[in-house]
Amino acid sequence: MSNSHQPEVRPYLMTKTLVPENQETPIHFINGDIVTNRLFFRRNHFPYPPFASSFYFLPIEGLVHKPKVFSLQQIYSLPSKTIKLVLECSGDKRELFNPKVYGEQWGKGAISQGIWKGVALRSLLAYTGLLDTAKEIVFEGHDYGERPDSNQLYRFSRSLPIEKALDPDTIIAYEYNNQPIPFKHGFPLRLIVPGWYAMASVKWVKKIIVIDKEFKGPFQSVDYVYYPNKGNDSGKFPVTTINVNSTIKYPLNRKLLHSGVYEITGIAWTGNGHIAKGGN
């Protein structure tokens, strides 16, 4: 007598580190072009932030005409913007690099795509205005801790140039795939920067500060920087736009197959423009 019941078999995130939690998407087992909340890759530099209160406010300060503090209710009430985009860690595929480099040794799964909903950052800035001297906008997250190169406490902070901040698709998001953003992905508010590597999309946004100079935080001046000269820091420049990239989803690397005809499937993506066609 055969047993018709089969236990569910499904993919899981693949753990790289636990504290901080870094897990990659099993990209080879994703069907369709939307990654569910459960399988969205997790990238953290610090432990998850503790929230002592359910009351959440977002201040915008610095070089603005009128500093303002937004409540969640105010943000929810503003006209919304929904965008579908790829978020990719700039270290995606680092374990494949030759020669090897320091950092989280990601395979091919530090990438996910989904639908984000929020309010355009430019809509919030319309309430505060920007002084003529404004050059960059800093986004400070609630997550903090010590870096390996220092025993000083840092919050994860990044900046955007004014032009990118005012891009109509740069949003302060509160939903992912029609649900509130999961806490591990930035609930209640996450910056989403279209076309840029995911380090720019700061999670758990604590405050927004407008400044008149180049931001020098370590996650922008030390990490997430291209160093073209191996011997020194000269000529270094920040990581921004996602480069054209692709991944074969099937068959898996070094998979043994019976002789026959198989279709090779994969994905391709870019932060600037569109992928017109696949290769032959």
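User: What volume does the largest pocket have?

Analyst: The largest pocket has a volume of about 1,000 Å³, where a pocket is an open set of points on a 1 Å grid over the protein atoms alone, with protein on both sides within 12 Å along at least five of seven lines. The volume is the space filled by probe spheres set on the points, which are joined across faces, edges and corners. This is a predicted model, in which local features need pLDDT of at least 70 and side-chain atom pairs count only at pLDDT 80 or more, while totals for chains, interfaces and linings use all residues. Residues are numbered from 1 along each chain as its sequence is written, and side-chain values use heavy atoms, with hydrogens and water left out.

User: Which residues are closest to the centre of that largest pocket?

Analyst: Arg94, Tyr102, Gly103, Tyr224 and Val225 are the closest to its centre, out of 38 residues that line the largest pocket, a lining residue being one with an atom within 4 Å of a point. By class, that lining has 17 nonpolar, eleven polar and ten charged residues; Ala, Val, Leu, Ile, Met, Phe, Trp, Tyr, Cys and Pro count as nonpolar, Asp, Glu, Lys and Arg as charged, and the others, Gly among them, as polar.

User: Where does Gly103 lie?

Analyst: Gly103 lies in the loop between S5 and strand S6 (111–120), strands being DSSP runs of E with at least two residues and helices runs of H or I with at least four, numbered from the N terminus. Gly103 is partly exposed, with a relative accessible area of 47%, on a scale where buried means under 20%, exposed over 50% and partly exposed in between (1.4 Å probe, protein chains only).

User: And the second largest pocket, how much space lies in it?

Analyst: About 380 Å³ of space lies in the second largest pocket, and its lining is made up of 16 residues, with Lys84, Leu85, Val86, Thr270 and Gly273 nearest its centre. S5 and strand S16 (265–269) are the elements that give two or more residues to this lining, and S5 gives the most, with four residues. Eight of the lining residues of the second largest pocket are nonpolar, six polar and two charged.

User: How many cavities of 30 Å³ or more are there?

Analyst: The count comes to one cavity of 30 Å³ or more, a cavity being a set of grid points where a 1.4 Å probe fits but cannot get out. About 200 Å³ of space lies in the largest cavity, which is lined by 17 residues, and Arg43, Arg190, Ala198, Met199 and Lys203 lie nearest its centre. The lining of the largest cavity has eight nonpolar, three polar and six charged residues.

User: Switching to charges, how many salt bridges does the count come to?

Analyst: The count comes to twelve salt bridges, each defined by a side-chain nitrogen of Lys or Arg within 4 Å of a carboxyl oxygen of Asp or Glu. One of them joins the side chains of Glu21 and Arg42 (3.0 Å, N to O). That pair links distant parts of the chain, 21 residues apart, with Glu21 in the loop between strand S1 (14–17) and strand S2 (22–24) and Arg42 in the loop between S2 and strand S3 (57–62).

User: Are Glu21 and Arg42 buried or exposed?

Analyst: Both Glu21 and Arg42 are buried, and Glu21 has a relative accessible area of 10%.

User: Which Lys meets Glu21 in a salt bridge?

Analyst: Lys184 does, at 3.1 Å, N to O. Lys184 lies in the loop between strand S10 (179–180) and strand S11 (190–192) and Glu21 in the loop between S1 and S2, so the pair ties together parts that are 163 residues apart in sequence. Lys184 is partly exposed, with a relative accessible area of 31%.

User: One last topic, what is the strand order in the open sheet of five strands?

Analyst: The order is S4-S3-S12-S7-S8, with mixed pairing, and two strands count as paired if DSSP finds at least two bridges between them. Strand S4 (68–71) and strand S8 (153–161) stand at the edges, each with a single partner strand, so one side of each is left without a neighbour in the sheet. S3 and strand S12 (residues 205–211) pair in the parallel sense over three bridges, and Ile208 in S12 is the bridge partner of Ile60.
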